[in-house]
Amino acid sequence: MTKIKRKRMKGNNGRRHREQRERILTIGATAASCIFIFFCVIPYLGSGKDRKNGRPGTRGMSQKKLESFHPGDHLPAVAPKEELKAKKRRNNAATGETGRGGRRRDGLLPMRKALEDPTFDPVATQQARDILSASTNLVDVDMGPHASIEDESYGGVIAEFCPLDFSAQKDNPPELPMFRDVVGHSGCDEKRSDIIRVDLKEAVDLAREFDGDNNDGNLPTVLDLKGVVFHESRCGSTLAANSMMALNPEKHRVYSESSPPIAALRGCGEDYSDCSLEASANLLKDVIYMMGRSDDPKEENLFFKFQSVTTRTMRSFRMAFPTTPWIFLYREPVEVMMSQLDVPKMSKANCVKSRNSSPMVRDVIRRSDYEASDFLDEEFCAIHLATLCSSAFENLEDSDGLGMAVNYHPELVHDFLDTIFPKHFHTPVDKAGRDRVLKISGTYSKNRGRHEEGGYKPDSEAKERNASEEIKDAAKLFLEPVYKQLQKSEYNIMPQSADGYDDDEEDEV
């Protein structure tokens, strides 16, 4: 028994020695990793190559300037009572409490604290600097659980940033025609674990403060918003976005149906039942400001094509940007309905689904002599499109020429090149730009590698020929009246005569 006991004691001593050696090795390995990160990885993040294109991370702006930036140096002092009221309005969405990795307990990066506190997590601090330097981009906006949007301010609105690679879109717009394509190409989809999430208001305040002190010509720059495209959908809007990019890829940045603006435009509801028109406009201004900051020294001009449903909240845009020109693209009623309803199940078409979500659509139903269940899917589609066109027409008549109605036709690209770009958006069109635009116009706008260049074929006649009687009747009853109004508007790029909608004009469209 004694020998067995001693053997066990000896075994325990040997294991204890092994465990001690393993702990020493682990501590040594950890220390070596920390030294490697401190001396190799962090300097790379701060002053190494830009992960998007191999250029210096700040692209002309010295890292020293970022490191020396101290938030609050140029901001007016806030009275304690006002500060308390602001915090209360924001439902304590910006408490600054931090959890693991320097993040707040709600998972957000506290940018101001990361920039001010020299002992803060250096990786988090560099992420905050990436936002300031515009080397990472605003990709999404989310109304958090404590979001509060008021006339003068807002809080609890979450912003997501990730470095976007615009190069493929600039090289061949039809291959990445939508913002979601650029996001996916850049590896910034929802599955990406290193997306930076911050409080939008805090990010905007810091960016404006930083840009206000950036008067020495360094990057980032704030691009000039030259023009915006609203549309009925399936009426040449993607061709418009691709053309804006192809016209001058180096100087232009184009956002085609990007996520952040629609979140701002619809943040108060399309009937502004959740907050005011002014509140929505102020939120949109901040979103566009962040998306218009560029670390590319060649970029100058900014363009947006918004989602079709944002036409219902166009007033927010006009209040936010009262001097920015815009257009509304629309199409002959039967043709646009045929495109909208070209889906496996008609009830799942976007123009039909709005019957349950749009206050404007519900209002049309309420003013009729029928119940919602009495309407066909084709009629819901026509009503949905009519609300978009009606909103566009009302804003058009109130914009005193700042807006322009543009009807789709097979030679639409020439309207862009001859009138909209040079005369409305005040963007030069040279021969090289014209050639690039004409080249991409011969390719299906949402190509994504499915067709060869030059493979696009107009389909207006086929749509008219194949339309069902239900589509024709719904188009005539609900959509044709506002289509006529747009056609006759003095702000139409090619206004029609008072009796405007006859068989001859249908043949020309």
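1. A disulfide here is a pair of cysteine sulfur atoms within 2.5 Å, and the S to S distance for Cys 268 and Cys 275 is 1.7 Å. Both Cys 268 and Cys 275 are buried, where buried means under 20% relative accessible area, exposed over 50% and partly exposed in between (1.4 Å probe, protein chains only).

2. A word on the basis of these notes. This is a predicted model, in which local features need pLDDT of at least 70 and side-chain atom pairs count only at pLDDT 80 or more, while totals for chains, interfaces and linings use all residues. Residues are numbered from 1 along each chain as its sequence is written, and side-chain values use heavy atoms, with hydrogens and water left out.

3. How many disulfides does the structure hold? There are 3, and with bonded cysteines counted along the chain they follow the pattern 1-2, 3-4, 5-6.

4. Cys 162 and Cys 188 form a disulfide with an S to S distance of 2.1 Å. Cys 162 sits in strand 2 (residues 154–162) and Cys 188 in the loop between helix 7 (179–185) and strand 3 (196–199), so the bond ties together parts that are 26 residues apart in sequence. Helices (H or I, at least four residues) and strands (E, at least two) are DSSP runs, numbered from the N terminus. The S-S torsion of Cys 162 and Cys 188 is about -80 degrees, so this link is left-handed. Cys 162 counts as buried because its relative accessibility is 1%, and Cys 188 does so at 3%.

5. Cys 351 and Cys 381 are joined at an S to S distance of 2.2 Å. Cys 351 belongs to helix 14 (residues 350–353) and Cys 381 to helix 16 (residues 377–398), so this pair ties together parts 30 residues apart in sequence. The link is left-handed, with -95 degrees about the S-S bond. Cys 351 is buried at 0% relative accessibility, and Cys 381 is buried at 0% as well.

6. Cys 389 is in no disulfide. Cys 235 is buried at 0% relative accessibility, and Cys 389 is buried with a relative accessible area of 2%.

7. Helix 5 (residues 122–132) is mostly covered, with 9 of its 11 residues buried. Just after helix 5, Ala 134 has a positive phi of about 65 degrees.

8. Finally, Gln 169 in helix 6 (residues 167–171). Gln 169 is buried at 5% relative accessible area. Its side chain reaches the backbone oxygen of Val 254 at 3.2 Å. Leaving aside residues up to four places away in sequence, Gln 169 touches Leu 176, Val 182, Met 245 and Val 254, where contact means heavy atoms within 4.5 Å.

Technical notes
A polar contact is a pair of N or O atoms within 3.5 Å; within protein, one must be able to donate a hydrogen and the other to accept it, and residues adjacent in sequence count only if both atoms are side-chain atoms.
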